[in-house]
Amino acid sequence: MKHLIAAALVSLLAACSLPLSAPQADLTHTLALPAQASVPLAIPVGRTIQVATPTAAPGYDTAAMAYRPSAHELRYFARQRWIDRPARLLGQALMDGFSAGGARVLAPGSGVRADYRLLSELLQLEQDFTRQPSRILLSVRLQLVDVGNRRVLGSRTLRLEQAAASDDPAGGVAAANALVERAVVESAGFCRELLGN
């Protein structure tokens, strides 16, 4: 009997010492312009533009990935996040794209006065599950300013959407990255139209 009790105690202690399964880590996703993106020249040669850090509408100023399960409800995936706030990632994509297109781009806070300033606000970035297949909706409000003359040259709101390849966060991430590329190209086109180059 003593041997049985001892064996049971050894088994119990061994079970207590088993490692617990590690908690699942959050998945972090990038939102950026692909290296091979083709972006047209946004401003006349020899001029400079500053891309101000975009602001974000309420509900979207967070690195959490938003989705819409119904018309008036916005939720966030529990373990899916952007690597930074989407508005900041959009600003970086705009600077990268405009530079790749040949424009002279000044970073915010550079201390040098640019000829033009592009202001933007992220109005919406979410995976919409109210339709099947789900779709990524991206809306950005743009405003181009002539800095020297302190004049607003024009405004436009981009409303872009693309079906997700799958009804899950992975499908949404791929579609969101494709839309960011479209947003950068259309932003460059918006500037070109206003400046006539």
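**Core and cavities in a predicted model**

Me: Which residues does F98 touch, leaving out those up to four places away in sequence?

Reply: Contact means heavy atoms within 4.5 Å. By that rule F98 touches A42, I49, V51, A103, V105, L118, V184, S187, A188 and C191. This is a predicted model, where local features need pLDDT of at least 70, side-chain atom pairs count only at pLDDT 80 or more, and totals for chains, interfaces and linings use all residues. Residues are numbered from 1 along each chain as its sequence is written, and side-chain values use heavy atoms, with hydrogens and water left out.

Me: Which members of the largest nonpolar core touch the most others?

Reply: A nonpolar core is a set of buried (under 20% relative accessible area, 1.4 Å probe, protein chains only) Ala, Val, Leu, Ile, Met, Phe, Trp, Tyr and Cys residues joined through side-chain atoms within 4.5 Å. Here the largest has 45 residues, and F98 and L118 touch the most other members. Helix 3 (169-195) is among the elements that supply at least two residues; its share, 11 residues, is the largest. Helices are DSSP runs of H or I, at least four residues, and strands runs of E, at least two, numbered from the N terminus.

Me: How many cavities of 30 Å³ or more are there?

Reply: Rolling a probe the size of a water molecule over the atoms shows where empty space is left. A cavity is a set of points on a 1 Å grid over the protein atoms alone where a 1.4 Å probe fits but cannot get out; lining residues have an atom within 4 Å of a point. The count is 2. The largest has a volume of about 70 Å³, and its lining includes W82 and E126.

Definitions and conventions: Buried < 20%, exposed > 50% of the residue type's maximum accessible area, 1.4 Å probe, protein only. 1 Å grid on protein atoms, 1.4 Å probe; cavity = no way out; pocket = protein on both sides within 12 Å on 5 of 7 lines; lining within 4 Å. Points joined across faces, edges and corners; volume = space filled by probe spheres on them.
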